[in-house]
Amino acid sequence: LLLTMLNCCDAPMYRWALLVGCVLYNGIVWAQTGCFNYNYLFYPTQASNLTVGHARECQSKCRQSAGCEHFTYWKRNGMCLLAAEGANLLRTSLEGSVAGPKVCKLPSDPVCEQFAPEGFPAPTAMLSRRAWSGEQQPTNLQCWPRRPDGFPEPCPYQQVTVLEDTIDKWPGRCENMKKVTDLGPQETCQMRCYNSALCGVWSVENFTNPRELTCWQALHGTNCYKGQVPLPMRAQRIMHGSVRMLINTMGVLIKNLTKAFDTNDVGNNATLGAERCEFVCSSYLFCQYWQYSTTLGCWVEDPAVKEVAYPMVMNSWAMETDTALAKSVKAGQYIQHICNVGSRIPFPTESSDMTSPARMTPLGVESTTSIHGNGKGTLGSQSPSQPRVIGGIPQASGELTTSIRYRDPGGSEKGTLGTQPPSQQGGGQQYPLFVRVLIVTGVAFCLAVMAGGGG
């Protein structure tokens, strides 16, 4: 509705008034969730020679061009590429592209709410795309808030959930961590990680420099249970926002994942291994796939190392289904990281004095694991509100599933990892009265302008 109003109102005063409404109430801006795709492009493109200043301008050029349904904007040189209805969304080899439709869907793109549909993944890329309502598989972080420059920003609502903590006997001996040397005078390592959407693990230690604490952070960290580093004074694995499962990948071996830890690291306990593997992927904003194999251990998606097939296809180069290794995958998911609009949940912080372990108290993370004889999405039992099993693979008796319930320090339940909080489902929201009045007024202005132009 807002885009229609902006398009029909040519008078600068009317357009300015409506845009002010967008700025004053971020709910309208937030309604664009899922519209743009980052580091993807639509191909093939139409013949065009356009240079613009930002993605919204490129989107506007698409609306004004006959036959254009999609656009791709390149931030490095301002190039604006237009594409027709049949164009496919492809991952780019270079970073810095923003791709999307000519008109954003309100209040959010359907891919931010639907589960993987029947027929996905398919034997071919074309059929896998067509299985989704928008004929494109959701892209990585498509439904996550972004800064104007496209960089992922922290979720302002479900801010941080602590998944693992050294005070709960998590070793936290993660490798592939980066030293942080620019903390502010009153800034802690913990708060730096909490305020960075791409930080999934943080730790502090005093073995690098016995006279002061050294801060380390990582996207997700590796070998955190038996890494070749000393035990830190304090470490946490955290999740920004929340995640929801799109499809169950048990019994399927997804190709090009990266190893997070071995079966020996969890004492060959499949239940514990699956839970911790889910933690790793949930803490890494760019991870969409995780799998725990009783033979291979925990494997997660890490686009910085290898690229998983996009769109996902049921083909031997992208996945295995009827092999011994595939059958060893006892738990796995294709997930989507989301930031549900809702009440602001404070950071789970205690004391800012990280040098006083005695003042640190548990952060209220409750982990639950369950064995279901007839689990989610079993072939023939799918419901619209349930994710299903990939390829319709039947689930064996005693299927392993995991869920993580987290509570705030006061004990109130905030949601379940892998599902949306019940109060947030559907993505709907009520706008304040003044916003609704503004919208109605804008429509009236548009009608007046159109009527005047017709006379």
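Modeller: Let's start with accessibility, then.

Biologist: Is N268 buried or exposed, and what is its relative accessible area?

Modeller: Buried means under 20% relative accessible area, exposed means over 50%, and partly exposed is in between (1.4 Å probe, protein chains only). N268 counts as exposed because its relative accessible area is 54%.

Biologist: What sort of model is this, by the way?

Modeller: Residues are numbered from 1 along each chain as its sequence is written, and side-chain values use heavy atoms, leaving out hydrogens and water. Local features need pLDDT of at least 70, side-chain atom pairs count only at pLDDT 80 or more, and totals for chains, interfaces and linings use all residues, since this model is predicted.

Biologist: Where does N268 lie, and what is its phi?

Modeller: Helices (H or I, at least four residues) and strands (E, at least two) are DSSP runs, numbered from the N terminus. N268 sits in the loop between β15 (258–261) and α7 (270–283). Most residues other than glycine have a negative phi. N268 isn't a glycine, yet its phi is positive, about 55 degrees.

Biologist: And N39, what phi does that have?

Modeller: N39 is in the loop between β1 (37–38) and β2. With a relative accessible area of 27%, N39 is partly exposed. N39 is not a glycine either, but has a positive phi of about 70 degrees.
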